[in-house]
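Thanks, everyone. Let me put the structure on the screen and walk you through it.

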Number of protein chains: 2
Amino acid sequence: MAGSLGIDEKNKSRSGFINLNSIGLFLDYYELTMAKADLDHNNLNTITENYYVRKIPQGAYLVSAGLEQVIHFIENFKIAKEDIEWLSSTSGKDFDEKFCKYLQDFKFDGDVYAAPEGTVVFPNEPIINITGRSLDIQLFETYILNVMNYQTLIATKASRVVRSAKGKDVIDFGARRAHGRDAAILGARAAFISGVIGTSLVMAGKIWGIPYIGTMAHKFVQDRKSELDAFREYAESFPHNSILLIDTYDTLKGARNACVIGKELRENGFELKGVRLDSGNLLDLSKKVRKILDEEGLTQTKIFASSDLDEFVIEKLLKENAPIDGFGVGTRLITGANYNSITHEGNVSALNGIYKIVERIEGDAAIPKMKMTDDISKATLPGRKQVYRCSESGRFIEDMITIWDEKPDSKHDWHPLLIPIIENGKTISNFPSLREIKEYAADQIHMLPDGVKKNNGAQEYPVKLSNQVNELIDNILHK
Amino acid sequence: MAGSLGIDEKNKSRSGFINLNSIGLFLDYYELTMAKADLDHNNLNTITENYYVRKIPQGAYLVSAGLEQVIHFIENFKIAKEDIEWLSSTSGKDFDEKFCKYLQDFKFDGDVYAAPEGTVVFPNEPIINITGRSLDIQLFETYILNVMNYQTLIATKASRVVRSAKGKDVIDFGARRAHGRDAAILGARAAFISGVIGTSLVMAGKIWGIPYIGTMAHKFVQDRKSELDAFREYAESFPHNSILLIDTYDTLKGARNACVIGKELRENGFELKGVRLDSGNLLDLSKKVRKILDEEGLTQTKIFASSDLDEFVIEKLLKENAPIDGFGVGTRLITGANYNSITHEGNVSALNGIYKIVERIEGDAAIPKMKMTDDISKATLPGRKQVYRCSESGRFIEDMITIWDEKPDSKHDWHPLLIPIIENGKTISNFPSLREIKEYAADQIHMLPDGVKKNNGAQEYPVKLSNQVNELIDNILHK
């Protein structure tokens with residue numbers, strides 16, 4: 001199915017930014033053709049689709065993120081009249097007037113249930129549960145997958161990095177290596193949810209209210225007669241708030257120059273806030289630099305480090321007692337790098353979340369749907385489902401995936417993960433602030449069993465299927 | 001250097017989309033603090049910064065992409081008055097009135113030289129050369145790196161995939177696994193430049209004029225009584241243009257159902273356009289499906305394949321004569337996956353391009369700048385530079401990096417890569433259309449020596465340093 005050439009060189013965009021009035025164009029073309037075929041054949045039944053993840057790329061848990069953008073999309077789903085005309089004229093004979101009118105009048109009137117952002121989730125658990133007309137809700141697929149897959153990937157990666165930093169500050173330095181502008185912005189948000197304290201990207205600060213943070217670049221030092229001149233000028237401009245980058249020429253000489261400035265600042269009633277290491281052997285250098293700073297009485301001056309950091313490197317540095325107070329983490333955080341920098345094993349950096357039909361309503365009957373494959377681990381769990389979680393002494397014990405109205409056994413104190421967000425097309429959830437999401441995510445990670453949280457050799461968290469789910473599967477497999 | 005909490009929960013964005021009126025906020029905070037310190041100390045000298053890449057993540061060449069978005073940014077660099085006020089109020093004591101006025105009045109009046117999009121480039125070659133006031137041009141760093149690193153990564157990956165497909169169609173199916181919405185949109189553009197024929201993402205079709213293409217999802221089949229019903233309904237809606245997905249239940253049965261529909265279509269004067277395989281052993285299945293289609297006389301019906309494809313898998317399939325006519329490539333294309341699916345070796349999926357000062361003007365003198373490190377391969381080449389390339393019999397022979405006004409020897413026919421784009425703040429280049437860029441990129445790849453284009457064990461392309469560049473380095477190292 002090929003749309004004709006949509007070329008319009010004169011009116012083409014140069015920025016590539018999304019026009020909110022046509023946000024509904026963010027879909028894969030097959031979603032439109034399937035909707036057209038549904039409309040042609042009066043397939044207006046109600047179905048439920050699930051967003052879920054089959055496999056975790058790194059470690060044994062995921063931190064869910066991206067729901068607020070998904071709900072914004074569903075609330076604002078729209079294709080501008082001129083863009084419907086564009087579709088109609090560029091898609092060959094694919095679309096008729098009836099379908100264009102359907103697009104123009106589109107209004108979602110179904111239900112969305114979802115795990116709140118910051119919830120820890122596991123493979124095969126529904127994270128978003130959307131119920132509505134079959135032809136309508138397929139139009140959400142690409143946007144949901146794009147936004148949820150990326151933000152969940154980054155929130156999960158950030159959680160690993162923050163955990164490994166054991167209470168030291170972690171700052172997002174990733175904008176320059178993010179996959180496009182949106183990745184820098186959404187990635188900063190997802191990382192903040194999982195405990196990163198701020199971002200280098202000012203625009204993410206503006207959009208999300210995240211603290212923005214910066215030090216200095218090598219360029220500032222190279223652009224002056226000497227490193228000492230550069231440090232002095234910077235400290236004069238920001239006496240209250242200077243972090244000096246000391247590795248442009250020679251890190252230890254840089255540390256001594258920083259001490260000169262630190263003492264000058266002190267004479268004027270200020271303290272040098274910090275120095276940053278950006279290359280070399282961070283363990284060795286941080287120890288030597290700490291010694292130099294301490295010998296000069298700059299015991300308050302902190303040491304920040306950057307340079308290809310990730311959870312593995314940070315864990316190793318802190319195990320070996322590197323006196324580093326904060327970490328700027330860039331490329332490997334913002335790309336959700338599926339790469340172990342100690343073992344050098346690597347894979348694709350993406351979260352393969354999917355959006356699948358699980359139930360179709362026909363008259364009074366709910367027909368469970370299950371994608372069969374030769375590999376049962378790749379099958380979709382059938383039916384509209386809920387996830388229950390039980391805790392003991394402030395720790396998660398196990399999860400159970402149930403059919404929507406099914407209650408798990410009463411032996412444990414089960415808590416449902418999916419909560420109502422949209423009902424009959426109306427948003428009924430008050431969205432938490434980003435700070436509330438962050439606190440909730442911290443609680444979630446805290447409650448996760450320690451064995452599940454290891455960087456290497458993490459234990460699998462127990463997720464069980466309820467009796468009714470197992471019965472549905474049996475019925476379908478043996479039909 | 002930490003900006004205070006910029007939190008403003010009431011006015012926060014929910015979409016995360018960029019506001020064009022404040023596109024200038026897409027920068028790392030240190031670019032602002034350094035500019036403030038420059039302004040405070042009257043450091044208004046002219047410098048040159050280079051965007052270039054030190055190391056190619058996969059293979060032995062890069063296809064440059066992203067320049068049009070960079071130029072759009074420089075032309076439209078702006079921070080809205082209200083956002084300057086926001087900066088001023090959230091950055092603690094960092095900014096004063098003088099600096100806010102500087103931001104408000106910002107106007108770039110320098111020069112940009114660059115290799116046109118689609119140019120094949122190599123490590124250490126300047127790809128963009130920006131000359132202007134030191135404090136101004138550092139504000140472009142993050143945006144340039146973000147846009148160029150990602151699009152060049154994807155144009156390069158796409159070139160590898162397209163080359164491996166040996167003339168068969170390659171289609172971008174990546175939107176759902178791209179790192180955010182922008183990655184899907186910019187990635188579709190970069191992939192199109194390198195020979196991908198279309199994208200599944202309708203919005204990329206609208207924004208860039210790229211053909212959009214789709215088939216059907218498993219959901220369409222599962223949402224009906226039978227696969228045959230689903231195929232028939234789809235073909236009724238799109239008799240001229242149906243590609244049927246045949247692996248929902250059993251691929252070979254699916255192929256036979258497709259034949260039933262193909263013959264029904266033919267009775268009505270249409271041909272079944274194609275079938276799609278999305279799982280299983282693609283080599284084995286494509287051969288069996290081709291046989292089934294041919295036996296039923298559907299020799300015109302094409303076979304498309306998707307499912308974790310990349311250049312390695314496609315190369316192997318075609319070597320083994322898989323009768324596949326087109327490939328839908330998703331995750332591994334749009335994330336620039338640095339992963340060899342045959343050897344299972346993987347690394348971080350990012351292009352580590354950098355933006356570094358190379359020259360500073362002081363009075364009449366041009367002072368070359370070179371970032372020293374213990375590792376000479378990580379040093380920045382000093383001076384404002386040009387790249388010359390020579391060809392013989394329609395093939396590139398070698399490149400030479402020279403000082404800006406230096407001419408390489410006259411023995412060869414050298415051609416400069418960096419062309420003027422902006423002079424004195426005014427754009428003087430007519431931007432080529434995306435189709436022209438695509439044709440140019442195809443020529444570039446064609447002219448690259450075969451040994452450089454292998455998926456495994458590619459030869460290094462010869463890039464030499466001119467006499468003057470070598471002299472500058474010697475002078476700096478021995479000073």
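One definition before anything else: copies are superposed by least squares on the C-alpha atoms of residues with pLDDT of at least 70 in both. And keep in mind that this is a predicted model.

Now, symmetry. Chain A superposes on chain B by a rotation of 180 degrees, with 0.0 Å of shift along the axis and an RMSD of 0.0 Å. The two copies are therefore related as by a two-fold rotation axis. Which residue of chain A comes closest to that axis? A:G346, with its C-alpha at 2.0 Å. Both copies use the same surface: 100% of the contact residues of chain A recur in chain B.

On to the interface between the chains. Chain A gives 136 residues to the contact, and chain B gives 136 residues. Between them, chain A and chain B bury about 11900 Å². Of that area, 55% is on carbon and sulfur atoms. How many salt bridges are there between chain A and chain B? The count is 22. Here is a pair to look at: B:D38 and A:K219 form a salt bridge, at 4.0 Å from N to O. Polar contacts come next. Across the interface of chain A and chain B there are 69 residue pairs in polar contact, both residues at pLDDT 80 or more.

Now go inside one chain. Where do they meet? In chain A, 21 residues of domain 1 are in contact with 22 residues of domain 2. Together the two domains of chain A bury about 1900 Å², 53% of it on carbon and sulfur atoms. On the domain 1 side, A:L434, A:K438 and A:N455 lose the most area to domain 2 of chain A. Those residues together make up 36% of what that side buries.

Domain 1 and domain 2 of chain A have 2 salt bridges between them. Elsewhere on the list of charged pairs, A:R189 forms a salt bridge with A:E68, with the closest N and O atoms 3.1 Å apart.

Last topic: the nonpolar cores. In soluble globular proteins, nonpolar side chains tend to be buried together. In this model, the largest nonpolar core has 280 residues. A:I128, A:F140, B:I128 and B:F140 have the most contacts inside that core. A second, separate core has 9 residues, including A:M370, A:A379, A:L472 and A:I476.

Let me finish on B:I128. What does B:I128 touch, leaving aside neighbours within four places in sequence? Its contacts include B:L67, B:V70, B:V112, B:I144 and B:M148. B:E49, B:N50 and B:Y51 are also among them.

How values were computed: Residues numbered from 1 in each chain as written. Chains lettered and ligands numbered in written order. Heavy atoms only, no water. Core = buried A, V, L, I, M, F, W, Y, C linked by side-chain atoms within 4.5 Å. Buried < 20%, exposed > 50% of the residue type's maximum accessible area, 1.4 Å probe, protein only. Contact = heavy atoms within 4.5 Å. Buried area = accessible area lost by both parts, 1.4 Å probe. Salt bridge = Lys/Arg side-chain N within 4 Å of Asp/Glu carboxyl O. Polar contact = N/O pair within 3.5 Å; in protein donor to acceptor, adjacent residues only side chain to side chain.
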